[in-house]
Amino acid sequence: MKKHALSTRLWHWINAGAIIVLFMSGLNISNAHPYLYWGDYGFAPGDAWLKVVKFPGWATIPGHYNLAAARDWHILAAWPFGLGLAFIWAAMLANRHFRRDLATRPSDWTPAALRASLQAHRAGGHAAGAGYNPVQKILYGLVLGVLLPLMLLTGLAISPGFEPVAPWLVDLLGGRQSARSLHFLTAWAIFGFFVIHILLALANGRLILEMVTGGRRAAA
Amino acid sequence: MVDLPRRTLIAGIAALGAGACARIAESETGRSLMRVAEEGHRALHRALAARQALVREYAPSERSPTFRGNGSVTVADPFYQDQLARGFPDWRLEVRGLVETPLALSLAALKALPQRRQITRHDCVEGWSAIGEWTGPQLSRLLDAARLKPEARFIVLRCADTLYGRPYYESIDLVDAYHPQTIIAHSLNGAPLPEQNGAPLRLRVERQLGYKHAKYLTAIEAVASLDAIGEGRGGFWEDVAGYQWYAGI
């Protein structure tokens, strides 16, 4: 049996591409008005809770300030991202990937379990076939269950054309400018995960290869 | 030790990515892919919400203390400045193009029509928002009074302001033109529109971003196609900088 299902591998790489384009075009969009507010409105820098730095060209798509082109990329990549997220959740529930590998038990949340995960990692990574440790389950669950959906929902909430579909969504998120702030913060939380994820994967190149080929699941 | 080649590799990949992005965005296929994606969002928004579904309206206490002006904030034209100083006594809003009865309406005539008052949020494409109370007749009333011809498919808004030496204009489709919250506003927060916010008349098309809300209106023109208007992309910012015609995202 493959360690990673085809649906997981397909989604992983399509989503990786979409997220990179969304993040870098998003930084270009941020440069248009680098101030963040809470509540429904906000336009005066004096009311901002955060003055965001201007992101340099090497970090943005396109590589120079161009709001229209950045929005084109953002609007395009939103499709594989949004549809992909719906797809992977359907696939994870259908092929039991979620229940088998990601769903946590109460015992996973105890300090002892978390300590054991980190110790196992320090001692040389997880044993092949042992499945995800509690820290991995919690982190993957946080990304798939909270951060990525929140990215999608806050993105929809700040679109005025979507607002009549679900005005309650904008209110739930604390108003449009709050939704915009959450969109920004969640993007950076995902970036944080991305950095850790890449560093750990580079430390063991086999993991990257397995996300392409599927690898082999050790007999349980 | 392995740091240097790895860093070079990452820089190389980044440069390759940037080059690829630029090539895709400038190619014919890339352009049409972007437009398909944009149209897809419009179709999705329209499919999920009823055509007449309203955006949220706020209470007077929820308005922003001031309302930012952006884009054109003044009009150089001497006729405009003279009219501004005198309260626009000779200003006329034409309703023309594919209509049975072209109209030329004074401010007094517009104010004599049934009025809609709405406190709505204005979202700029840059990211900021302001909330204000707008008053004016619904665009649908003007179109009905002029009797739109069946071949009309878009409404073009003509403006008195120029940017980079070009006249500003915008366009919307008939779904937005007939939306109940699409009004020709003459007042902001109970007072005549200030110059920076589009005096004497501006469009409010609440399900789209700020650049669609054309200011300093001189005419409303019904057309069958946008191809022959400006550079054919449906609006000033669309023509000049490639902004999206559907600004609901």
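So, how many helices and strands are there in chain B? Seven helices and 11 strands, where a helix is a DSSP run of H or I with at least four residues, a strand is a run of E with at least two, and both are numbered from the N terminus.

Quick housekeeping before I go on. This is a predicted model, so local features need pLDDT of at least 70 and side-chain atom pairs count only at pLDDT 80 or more, while totals for chains, interfaces and linings use all residues. Residues are numbered from 1 along each chain as its sequence is written, and chains are lettered from A and ligands numbered from 1 in the order in which they are written.

Okay, chain B overall. The C-alpha trace spans about 80 × 45 × 40 Å along its principal axes. Chain B has 249 residues, and 41% of them count as buried. Buried here means 20 or more other C-beta atoms within 10 Å of the residue's own; 12 or fewer is exposed, in between is partly exposed, and the C-beta atoms are placed from the backbone. The domain assignment gives domain 1 as 1-48 and domain 2 as 55-241; those bounds come from an automatic or database assignment. The centres of the two domains, taken over C-alpha atoms, are 35 Å apart.

Now for where chain B touches chain A. The contact takes 40 residues from chain B and 30 from chain A, with two residues in contact if their C-beta atoms, placed from the backbone, lie within 7 Å. On the chain B side, helix H1 (3-26), helix H2 (28-48), strand S3 (116-123) and strand S4 (129-136) each supply at least two residues. H2(B) gives the most, with nine residues. By type, that side of chain B divides into 21 nonpolar, 10 polar and nine charged. For the record, nonpolar is Ala, Val, Leu, Ile, Met, Phe, Trp, Tyr, Cys and Pro, charged is Asp, Glu, Lys and Arg, and the others, Gly among them, are polar.

Which of its residues are buried? They are B:Met34, B:Ala37, B:Glu38, B:His41, B:His45 and B:Arg46. What covers them includes helix H2 (67-94) of chain A, together with helix H6 (174-177) of chain B. The length checks out too: at 1.5 Å a residue, the 21 residues of H2(B) should span 30 Å, and the end C-alpha atoms are 30 Å apart, which agrees. That expected span is 1.5 Å times one less than the number of residues.

On to the strands of chain B. Strands pair if DSSP finds at least two bridges between them. Take S5(B), residues 154-163: eight of its 10 residues are buried. S5(B) runs antiparallel to S6(B), residues 166-173, and seven bridges join them; one of the pairs is B:Arg158 with B:Tyr169. Their hairpin has two residues between the strands, and B:Tyr164 takes a positive phi near 50 degrees there. S5(B) also runs antiparallel to S11(B), through six bridges, and B:Leu157 stands opposite B:Ile220.

S11(B), residues 217-223, has another partner to mention: S1(B), in the parallel sense over four bridges. There B:Gly97 has B:Ala222 as its bridge partner.

Last topic, the core. A nonpolar core is a set of buried Ala, Val, Leu, Ile, Met, Phe, Trp, Tyr and Cys residues joined through C-beta atoms within 7 Å. The largest has 73 residues, and those with the most contacts inside it include A:Leu22, A:Ala77, B:Ile155 and B:Leu157. H2(A) gives the most to this core, nine residues. And where does the core sit relative to the domains of chain B? Both domain 1 and domain 2 give residues to it, so it lies between them.
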